[in-house]
Amino acid sequence: MKFIFASLFFAACAVSAAEPVVTYDEHIKPIFREHCLKCHGDDTQKAGFNFSTYEAVLKGGNGGPAVVAGRASTSLVFQAITSEDDAVRMPPNKPPIPAAQTELIRAWIQSGLRENAGGKSLAGERDIGFKPTAAKLDGPPPVPENWPAYTAPPTRRSLPIVAMASSPVAPVLAVAGYAQVRFVDLNTQQPLGALPFPEGQPNVIRFSQDGRVLMVAGGKPVQSGSVVLYDVKSGKRLTAVGDETDAVLAADLSPDQKLIALGGSGKIVKVYGTEDGKLRYKLTKHTEWITSVAFSPDGKVLASADRAGGIHLWDSASGGILLTLAEHKAAVRALAWRADNRMLASGGEDGQLIWWDAKDGWPAILKNNAHPPARPAGVFGKIPNGVLSLAFGPSGELLSTGRDYQVRLWNAEGRAVKSFASAASLPLQSAIRNDGKTLVAGDAAGELRYWPVP
């Protein structure tokens, strides 16, 4: 594996300007007049919908509200104009509304259905600010010390970095390799040692909140899967749970280190006790492969996501369903909790990056196209667009990687503040050093790239 240091001076950095305010009077009414009023105007109101005035739009029609402030995906008018079914999409028997106009309608709904420049957002104001939490560390931060010597099995080439995690209390990075987990000193970018994972390929790596325990989950496809816990300081193997017939694809360790949640192709989330390794409960609401699970920092909520875009929040003690978060239209690749428990971030293959208000499941911040890839010359059709990984930092900042080959840093308010190119290899994983001063990406070529943050 190669370790490459990339200076900020050579990174592509961009500060996002404030998004313009979209209003009904200035932007949306002309679009409705052009495409909709023949069937949904003052003279004719098919299905009871009238889009000729602001008040009429808010009133809705026979099918219910036409628009829902802050939720384009659940608004009937947006569903109608973006349907992929030619027989359903509006306007009927005509080409789709141009993409730029569709985006304006989406932005108008998401920003709160403002009537004019002086109008207020109907979505209401939400307090999404980051609330710092005190560090929970008793004694010096745990780092690898005097680990037993370990020689990894030889490989013909570097494997893609499919799992990676940064210690929350020390400048230590854990990186997945074939049948092993490598540790890197984030001060020097030098190796610290390696732990064997004879179970196979590590697909998930997590540190405990105090940095003392490392969780590694994975296995061998269509053969076996399990989750192993290690002591970070000594490298000692602590326990293993799960006996799956396929590799574990998603897993997390509860903050009190008493529970392990895991999932994969079986479409079921299983929660085990770490002390006895016994199954506590199963979560069976998902209809597709489990792609990510994550305990909230306070340990009260367990979030799970699947390959169909479904996200559910559960009571971690009982396994009871709390909320279903319906916004993603494709596989959710990553879930990440902010340290203050207030926000859950999700990223998916539909290109959406969402900050969810954990209190009521509202998509407080939604980036519809967080990592838009450039269209190569001579390439037509739909370009793959997705968010591949997420990692929150100590100040509420969020690091994401995407299919546009970019590593992007977002502030606690959801504003993109910096972007870094990942050269010629797709960035699969992301991490932020415990003090927030170094950003890391692991790519499909098996390389680590570092960017310092002033």
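Strand 4 and strand 5 make a hairpin with 4 residues between them, and Gln 189 in the turn has a positive phi of about 60°. Helices and strands here are DSSP runs numbered from the N terminus (H or I, at least four residues, for helices; E, at least two, for strands). This is a predicted model, in which local features need pLDDT of at least 70, side-chain atom pairs count only at pLDDT 80 or more, and totals for chains, interfaces and linings use all residues. Residues are numbered from 1 along each chain as its sequence is written, and side-chain values use heavy atoms, with hydrogens and water left out.

Strand 4 (residues 180-185) and strand 5 (residues 190-196) run antiparallel and are joined by 6 bridges; two strands count as paired if DSSP finds at least two bridges between them. Across this pairing, Val 184 stands opposite Pro 191. On its pairing with strand 3 (residues 172-177), strand 4 is again antiparallel, over 6 bridges, and there Val 184 is the bridge partner of Leu 173. The hairpin of strand 3 and strand 4 has 2 residues between the strands, and Ala 179 takes a positive phi near 60° in it. Strand 4 is mostly covered, with 5 of its 6 residues buried. Buried means under 20% relative accessible area, exposed over 50%, and partly exposed in between (1.4 Å probe, protein chains only).

Pro 202, in strand 6 (residues 201-207), counts as buried because its relative accessibility is 0%. Its contacts (heavy atoms within 4.5 Å), leaving aside neighbours within four places in sequence, include Ala 179 and Gln 180, along with Ala 163, Phe 197 and Val 216.

Next come the cores. A nonpolar core is a set of buried Ala, Val, Leu, Ile, Met, Phe, Trp, Tyr and Cys residues joined through side-chain atoms within 4.5 Å. The largest one has 23 residues, and Phe 32, Phe 51, Ile 105, Trp 108 and Ile 109 have the most contacts inside it. Helix 1, helix 2, helix 3 (76-82) and helix 4 (99-110) each supply at least two of its residues, with helix 1 giving the most, at 4 residues. Not counting residues up to four places away in sequence, Phe 32 touches Tyr 24, Leu 37, Phe 51, Val 57, Val 77 and Ile 105. Apart from this core lies another, of 18 residues, among them Ala 163, Phe 197, Phe 207 and Val 216.

Helix 4 has 12 residues and reaches 16 Å from its first C-alpha to its last, close to the 16 Å expected at 1.5 Å a residue; the expected span is 1.5 Å times one less than the number of residues. Its buried residues are Gln 101, Thr 102, Ile 105, Arg 106, Trp 108, Ile 109 and Gln 110. They pack against helix 1, helix 2, helix 3 and strand 21. After helix 4 comes Gly 112, with a positive phi near 110°.

Two loop residues also deserve a look. His 40 lies between helix 1 (24-35) and helix 2 (54-59), and its relative accessible area of 15% makes it buried. A polar atom of its side chain lies 3.3 Å from the backbone oxygen of Phe 49. Beyond its neighbours within four places in sequence, His 40 is in contact with Gln 45, Lys 46, Phe 49, Asn 50, Phe 51 and Ser 52. Ser 75 sits in the loop between helix 2 and helix 3 and is buried, at 0% relative accessibility. The backbone oxygen of Arg 71 lies 2.8 Å from a polar atom of the Ser 75 side chain. With neighbours within four places again left aside, Ser 75 is in contact with Ala 66, Val 67, Val 68 and Ile 109.

Strand 14 pairs with strand 15 (residues 301-306) over 5 bridges, and Val 293 has Ser 304 as its bridge partner. The other sheet, also of 4 strands, has the order 18-19-20-21 and antiparallel pairing. Strand 18 (332-337) and strand 21 (362-367) are its edges, each pairing on one side only. Strand 20 (residues 353-357) is joined to strand 21 by 5 bridges, with Trp 355 opposite Ile 365.

How values were computed. A polar contact is a pair of N or O atoms within 3.5 Å; within protein, one must be able to donate a hydrogen and the other to accept it, and residues adjacent in sequence count only if both atoms are side-chain atoms.
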